[in-house]
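Visitor: I have some time to go through a model with you. Can we take it one topic at a time?
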Amino acid sequence: MKAALGAVRRSFQPWADPAAKPFITFRGVTKRFGQFVAVDNQTLEIFEREFHALLGPSGCGKTTLLRMLAGFETPSEGDILLEDKPLAGVPPHRRPVNMMFQSYALFPHMSVEANVAFGLKQDKLPKSEIGDRVADVLKLVKMEAFARRKPDQLSGGQRQRVALARAIAKRPKVLLLDEPLGALDKKLREETQFELINLQETLGLTFVIVTHDQEEAMTMADRISVMDHGRIVQVASPAEIYERPKSRYVADFIGSVNIFEAEVDNVTPERIHLATTDGFDVACDADIAAAKGQTVWFAVRPEKVRISHAAPADAGINAVAGEVWDIAYFGDMTLFNVRLDSGRIVRASAMNAARIVEQPITWEDRVWLSWSADAGVVLLD
Amino acid sequence: MMRRFTAFNLVSIVLGFAFLYLPIVLLVIYSFNASRLVTVWGGFSTKWYASLLENEAILDAAWVTLRVGLVSATIATVLGTMGAVALVRRGRFFGRTLFTGMIMAPLVMPEVITGLSLLLLFVAVDFDRGFWTVTIAHISFSMCFVAVVVQSRLVTFDRSLEEAALDLGATPLRAFVQVTLPNIFPAVAAGWMLAFTLSLDDLVIASFTTGPGATTLPMKIYSQVRLGVTPEINAVCTILVALVTLGVLTATIATKARAFSPQAEAR
Ligand SMILES: Nc1ncnc2c1ncn2[C@@H]1O[C@H](COP(=O)(O)OP(=O)(O)OP(=O)(O)O)[C@@H](O)[C@H]1O
Ligand SMILES: [Mg+2]
């Protein structure tokens, strides 16, 4: 399923095109609550039809950013622009932006139908058209059978669908979703993620979604903004965030990673040579400007670390020996925790490609960990 | 599990309630007394209720009271609700705690002081005293009760419902009328009932602020009682007690009932 969507989406990369105009622009936006800085001088561009995820730990300012776009909070400094027009001074009810609230915020005194029709009625559309559009969106979210129910006669998943239907009924230019799937169980969550992607494809809307679930962001988004304490630390596609994190914070926040402190030994046009504090040497593809003697960090993900009994051919570099400390068997793969002589635990995972292995790696074995020159990244921060 | 009544509990409850309600029960009983003498039982009769209907002065007073009650309760409910919304919603403006405290103060202010100060105000601005001065006086104190009742409901009201309405294109006024109001309606209705009941039985403030042609029922009763209690007065009071009880009961039930309970409607 995802592969098919990937093919559709492959060509969608407006952010890579310098001529492309951003759809939503945050320009130097700061939001202070009293002394507390919730969003700190941030600039972000989001493109038309993009599925953009704001990802970060609790309290990092994701909701605040979204609420400023919806008009419920006013930036202390900076501008927010939609299609090049500043939104400052435009009240929430005049913004072509609809939000799906974290708590759903369905009107308890109205039926499902009336909830969905609410926004259309505000636009004073003719009755028959309201009826048609309500029926359409309810069908889209598969809730047509529940049109006359009240919100408290629905399950959590059904309420979430109604909230979604209500938010898309007005066909807003931008749909904001604040942790839309937070209240759902894992299975329903995965189903709904796929439905959301589908919906965004069919309607051609721009989605900005807030989440603190990295898997959710990876599956759904075209690009992810990783946030930390009111700052956006990296904006990139899921693959780039995963493979080329810009800082230890991003590398550690997304997925699992081994990070080693190191000193730059030598820089050649192709390679950066590092000496880690754990006593082994690294040669890494150079895609970063680092000076000799500088302290940097080397990050390599567990699935890119090979584990073997035999020493690799060039054992002096990109390899280190240790003792198997712990093994977690997941069926499709196995995760090894290996204790280096320096005492550090390094994670390496291996696919279980064969059913029977002649000489399986087991507890307390002496093993070699190794990786190729393009497996890891050098981080300056 | 219910705790068993001990003898002591039973006695204190009986004594307490007797002390509270015996006088009222006596009043109700004697309003059905056939005898002209208030303290001598002369058999059952409803003649005092009939003669009440011919007593122009009392009927006039009742009509004034009713008008003052309806008008002042309605205006007080509108103003009190607006005040409550401002206090709860305006966020942290300068002196918010002060204002919240100030809205409570009239609840405990001695009525004599409220009445006197209003009288001074009306005299100072040279306002002809009569129906409207009494009504304004009643609005001014019952508004606070409405504000307190509505405020307590508003603080538990989910703000994001109103934000959702704004987000969907409703103007702030429409969002309030179509989303907030239906959800806090029981509190608003309870506030109205409370204001109406308070206006109905107010004597002190009305006496201070009234003028010619605007004698309210409590004032009429009080002035008649000074000439001696008649069974007719008992009958009026019985009707008043019934009205007030009804008002308080409705207010209580309305506060407890959930706003337009969906279950109730669906079943
Ligand atoms: N109205 C407010 N007044 C004061 N501080 C606020 C207000 N709203 C948010 N904050 C603070 O701003 C910071 C960012 O809040 P925000 O709601 O944007 O976090 P978040 O990233 O959405 O977190 P979560 O994942 O928990 O929802 C928090 O520390 C919060 O305490
Ligand atoms: Mg949030």
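This is a predicted model: local features need pLDDT of at least 70, side-chain atom pairs count only at pLDDT 80 or more; totals for chains, interfaces and linings use all residues.

Visitor: What is the secondary structure of chain B?
Guide: Chain B has 12 helices and zero strands. Along the sequence the pattern reads α-α-α-α-α-α-α-α-α-α-α-α.

Visitor: And what does the C-alpha trace of chain B span?
Guide: About 70 × 65 × 35 Å along its principal axes. Chain B has 267 residues, and 39% of them count as buried.

Visitor: Now chain A. How many helices and strands?
Guide: Chain A has nine helices and 20 strands. Its C-alpha atoms fill a box of roughly 75 × 50 × 40 Å along the principal axes.

Visitor: What share of chain A counts as buried?
Guide: Of its 381 residues, 48%. The accessible surface of chain A comes to about 18,400 Å², and 50% of it belongs to carbon and sulfur atoms.

Visitor: What about contacts in chain A with a separation of 6 or more?
Guide: Residues 24 or more positions apart account for 67% of those.

Visitor: Switching to ligand 1. Which residues surround it?
Guide: All from chain A: A:Phe33, A:Phe36, A:Ala38, A:Ser58, A:Gly59, A:Cys60, A:Gly61, A:Lys62, A:Thr63, A:Thr64, A:Glu179 and A:His212. By class, the shell has four nonpolar, six polar and two charged residues.

Visitor: Which polar atoms lie by the oxygen atoms of ligand 1?
Guide: A polar side-chain atom of A:Ser58 lies 2.4 Å from a ligand oxygen. For A:Lys62, a side-chain N or O atom is 2.8 Å from an oxygen of ligand 1. A:Cys60 uses its backbone instead, with an N or O atom 3.2 Å from a ligand oxygen.

Visitor: How much of ligand 1 does the protein bury?
Guide: Taken alone, ligand 1 exposes 640 Å², and the protein buries 61% of that.

Visitor: Which elements give two or more residues to the shell?
Guide: Strand S2 (36–46) and helix H2 (62–70) of chain A. H2(A) gives the largest share, three residues.

Visitor: What is A:Phe107 in contact with?
Guide: Leaving aside neighbours within four places in sequence, its contacts in chain A are A:Asn115, A:Phe118, A:Pro151 and A:Arg166. In chain B they are B:Leu161, B:Ala164, B:Ala165, B:Leu168 and B:Val179.

Visitor: Is A:Asn98 buried or exposed?
Guide: A:Asn98 counts as buried because its relative accessibility is 3%, and the cut-off is under 20%. The residue is found in strand S6 (residues 97–100) of chain A.

Visitor: What does the side chain of A:Asn98 reach?
Guide: The backbone oxygen of B:Asp167, at 2.8 Å. Beyond four places in sequence, A:Asn98 also touches residues including A:Lys170, A:Pro172 and B:Leu168.

Visitor: And from the chain B side, where does B:Glu163 lie?
Guide: In helix H7 (residues 159–167) of chain B. B:Glu163 counts as buried, at 9% relative accessibility. Not counting residues up to four places away in sequence, it touches A:Arg67, A:Phe72 and A:Phe101.

Visitor: Where do A:His229 and A:Glu364 lie?
Guide: A:His229 lies in the loop between strands S9 (223–228) and S10 (231–236) of chain A. A:Glu364 lies in the loop between strands S18 (345–351) and S19 (366–370) of chain A.

Visitor: Buried or exposed?
Guide: A:His229 counts as exposed, at 67% relative accessibility. A:Glu364 counts as exposed too, at 63%.

Key. Residues are numbered from 1 along each chain as its sequence is written. Chains are lettered from A and ligands numbered from 1 in the order in which they are written. Side-chain values use heavy atoms; hydrogens and water are left out. A residue is near a molecule or strand if one of its heavy atoms lies within 4 Å of it. A polar contact is a pair of N or O atoms within 3.5 Å; within protein, one must be able to donate a hydrogen and the other to accept it, and residues adjacent in sequence count only if both atoms are side-chain atoms. Accessible areas come from the Shrake-Rupley method with a 1.4 Å probe; for residues, only the protein chains shown count as cover. Helices (H or I, at least four residues) and strands (E, at least two) are DSSP runs, numbered from the N terminus. Ala, Val, Leu, Ile, Met, Phe, Trp, Tyr, Cys and Pro count as nonpolar, Asp, Glu, Lys and Arg as charged, and the others, Gly among them, as polar. Contact means heavy atoms within 4.5 Å. Buried means under 20% relative accessible area, exposed over 50%, partly exposed in between (1.4 Å probe, protein chains only).
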